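Here is a short tour of selected features. Look at the strands first, then at the helices.

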Amino acid sequence: MRRRTFTAGTAALGFAGVGCDLLKRKKHYGGEILGPSLELGHKVRDVQLPQPTTFEDVDVVIVGGGIAGLSAAWRFEGQGFKKYLLLELESQVGGTSRPGGNGISPYPWGGHYVPAPNRDNRALVRVLKEVGAVESFTEQGDPVFAEQALVRAPEERIFAAGQWWEGLYLRAGMSKDDDQQYKRFFAEVDVWVAWRDPQGRRAFTIPRSKCSDAPEPQALDRQSFKQWLEKKSFTSERLLWLLDYACRDDYGTRLESTSAWAGIFYFAARKLNPGEESRPIITWPEGNGALVNHFKNVCQDRIRTGIAVGQIIRISPDAIQVSGFDSKKSTALGWKAKRVIFAGPQHLAQHVIPTLWTERPEGVSAFHVAPWLVANISLRERPKEAGMPLAWDNVLRDSAGLGYVVATHQSYRDHGPTVWTYYYPFTGLDDRAERKQLQDMDWQTCVNLVLDDLRKAHPDLDRYVARVDIVQWGHAMVQPRPNFLFSEALRRAKEPHQGIHFAHTDLSGLALFEEAQDHGLRAAEEILEAFGIVSPSWR
Amino acid sequence: MADGRAAMGAANGSTNKADPGTLRQESGPPGPQLRVPLLFLTVFVIASCGLIYELVAGTLASYLLGDSVMQFSTVIGVYLSAMGLGSYLSRHLHKGLAQRFVDLELAVALVGGFSAPILFQAFAHTHAFRPLLYGLVAAIGTLVGLEIPLLMRILKPQVAFKDLIAQVLTLDYIGALAASILFPVLLMPKLGLVRTCLVFGMLNALVGWWSTHLLKPLLGNRKMLRIRCVAVILLLGTGLAFAQRFTLMVEEEIYADEIVYAKDTAYQRIVITHGRGSFQLFLNGGLQFASADEYRYHEALVHPAFSLKPGAKRILVCGGGDGLAVREILKHPGIEKITLVDLDPAMTTLAAQMPLLRELNKGALLDRRVEVINQDAMVWLNEQRQVERYDLAFIDFPDPHTYSVGKLYTTRFYKLLRKALAPDGVAAIQSTSPLMARKSFWCINATVEAAGFQTRPYNLSVPSFGVWGFVLASPAPFDMPKTTLPDLRYLTDGTLVGMFAFPRDMDRLPTDINRLDNQVLVHLYASEWKRWS
């Protein structure tokens, strides 16, 4: 039978379409720059805060409510040790992992996932157990992860050559040589997965504090990842793209500005044995903000937000004065503590702890920190597209940005309004100039940067955008540049100074959740030990 | 269609032949010189347009209502008698015939041109399809019946009466012949009903515009008239532009039967086709049911679970927005509440209101015990904190051909479902074909088991689908269902038990578990069905 054309829906759509289309014309969207609070931060730097007249007694003051500070507080709570206070400059704790949200969905403002830890990373397994992401343990002691905590398939897609493809490594159109190099690279990684030093330590594991400091892995740090790859004759364009993307994504660096040690760490540190698949990813709609919220619940009434700490000075062998300023009440505040955990970044430590300059003259100049722009784009609807559907992580190959993650992905919402969290690292060698450049960008300039990038893959995006909110992280991620990770400056930065203990990802040279947590636990346990409280380590 | 053409020709002939009397009455002083041959061309065009609207209405009615002999007969009957009425009414027009003619063309353009889109909308969204159909046919017929008498009166002063009659009627018949040949050969296959209608509406409007030139000496102020012409042409052009923009031509080659309804909702594309004594519902191109044999599917989905819990009061239906599962559920006594969770409000509204669907599901979604919730079932289940749990659940999703549907077949989904079910509750889950997609079927069964259910899979044959499978599941151990309702069309106690036997080529295979973080089923399903398409 010959098919006759018959167009019912045509007209239905046509007439419905006229009205909708006129309404849908480019709507203007709102949004704002949400921080961080530069003014208050700069006051700390320039020491313009009024001095407090009274000082409240407390055993420990934790300065900084990012993951490191929160982890220290979490450790104290786990010990039943309650004589501490946590001071945070911003109105919310969490640092670069802090959660955000609106009527559509909670969303991250930075750190948005943790790779599922193996049993050796006891601290992360412990907190994941507390939030229900680890359901149980196998007989061998391996954690069993809750299905809903793992990233839902499809995890990643990449936009290249005008369309979306499944996965992050572009397989379409790859040559035999590409494939061989890809396999050879992971074979090289596996060599390091299997490697042990004379004491039986791994070259790469998480946290960094458990990694070997033997000469062989140290030698990797004396060259850039790019040099290492050249030496090993890796030339495949798509492999190099993948590795460069990994550097930008995890460190805010490029192949040439990343230590080869860090480059290999990225791929080797989470594997227990050679040949293992990479670890699955654990995430939440609000990213690592879910863990921030958990920490916050655990130590709720000992957290003070909106407090700028101006100065930390030891006044006697067991007394440290912490002067601060309550930005909400505009009053000066002071504390007298036995110990302090400084859980802020290194560039602030130099300003807040005056005696640090004299003792550590190499100071902050050894630390390079990448600035990042993070945008949360609220969409009324999702752009219509064919082919590989929206994944959790959506990456544009030909872009300086890192793409976006979809906040509603983990709440099973596949239709309707959503929020995309877009990440853009500033990876230039002069991080100070890059920081200045970012901070000089107004909201519209930021929005243009973000939307111009996304329009490459979503030409019709504008009609769906309801809001674009921006955070400009001046100091987002410490960069693991060559000759830094085993440097004297980094080693000394971890050491306590006049009763002040340090905890921050800066001290690892790797801006990872696990590193922040490890430093928080270390600092807390150093203090518990000093107070004579004996307990098995959580690290 | 040959009948229609003959009847049409005869009708035109008879109305025109009745006219001489009128003409004689009206013979006034000879008018200004007109370009007569071009006016005869006008006759050809309007004759074609007139027949096209009749054919479109007849075709549309026979697609939507079935029984084409009856539909064509009644449409032609109404149309022809309306033409007679129009011819009769023409005697009441006295002054400004030229301007009346132009206005008449614009009226035919609008009513005729938009008739097909209006009728499709009415069929989908109202209960007034038949009155509207005959009303429109009568209106178009009346207007078309006015055309020729009016034109002949305009031409009369210019041409000898015997020549006038001969030429007008000849061109009238030739125009009808041209339309009757073009319609099935070119217009229907290439343009479809809606576009054909709109294009011919534009032709009528162009005749109106063209006539403002040809009849210039007879017209006063032509400016307003021309503005009206342009406005009508633009209006029809806009309709056509949108019809073009959402063109379905490619799609129509895919379906075996005529598409009688198609809609892109926020979530999916709903298409209803009609043909071979049955109608079919497709979501995103996937067949959901054929009215001829859906009773087999829905009886098998619903009644086995009821035979395990005959006193079930609270029922959950996930998917099933067509209301057909609910129709079967309502056959059981003692139902207190049915919660139907279906993503797409357009689907559940259609099932509740479109006569075609409402008749098939017996108005099930309008039953006061049914609560319709338009949400993704997984999002909804995840947010449920209810104390009162469901006795029975029927899970009737489309096959797992995308990740967003595939998630509804994961251990996570079934664990959420378990929380919503009573401890001895029972769920029946549509699980694709154990013959065409054997691994997929057993993967679903294994996944349900992995979520903590006891399962009993079963299968039956649904001709329009093939061999189809379901999984019966309960958190508590349960026996084989043995008895079912009397007076069903497919199920008997005997066939009920028989469904639980699996032939060797459909028997259980070891498979992976479909988890949210791997979604193995989506890939498995795609690879298995590829062999059959």
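## A residue pair between strands

In this predicted model, Gln280(B) stands opposite Ala290(B), a residue of β4(B). Strand β3 of chain B covers residues 278-283. Four bridges join β3(B) to β4(B), and the two run antiparallel.

## The sheet in chain B

Both strands belong to an open sheet of four strands in chain B. The order is β1-β2-β3-β4, with antiparallel pairing. At the edges lie β1 (258-264) and β4 (286-290) of chain B, each of which pairs on one side only. From one strand to the next, the twist averages 20°.

## One buried side of a helix

Helix α14 of chain B spans residues 345-353. Its buried residues include Met347(B), Thr348(B), Leu350(B) and Ala351(B). Why do they lie on the same side of α14(B)? They do so because they cover an arc of only 160° around the axis.

## Two crossing helices in chain A

Two packed helices are described by the angle and the distance between their axes. In chain A, helix α5 (residues 176-194) and helix α9 (residues 260-268) have axes that come within 9 Å. The axes cross at roughly 85°, so α5(A) and α9(A) are roughly perpendicular to each other.

Which residues make the contact? From α5(A) come Val189(A), Trp192(A) and Val193(A). From α9(A) come Ile264(A), Phe267(A) and Ala268(A). By class, this contact has six nonpolar residues, no polar and no charged ones.

Note on methods
Residues numbered from 1 in each chain as written. Chains lettered and ligands numbered in written order. Predicted model: local features only at pLDDT ≥ 70, side-chain atom pairs only at ≥ 80, totals over all residues. Pairing = 2+ DSSP bridges. Axes fitted to C-alpha atoms, helices over the stretch in contact; angles between N-to-C directions. Buried ≥ 20, exposed ≤ 12 C-beta atoms within 10 Å, placed from the backbone. Arc of directions from axis to C-beta. Parallel < 35°, antiparallel > 145°, perpendicular 65-115°, else oblique. Contact = placed C-beta atoms within 7 Å. Nonpolar A, V, L, I, M, F, W, Y, C, P; charged D, E, K, R; others polar.
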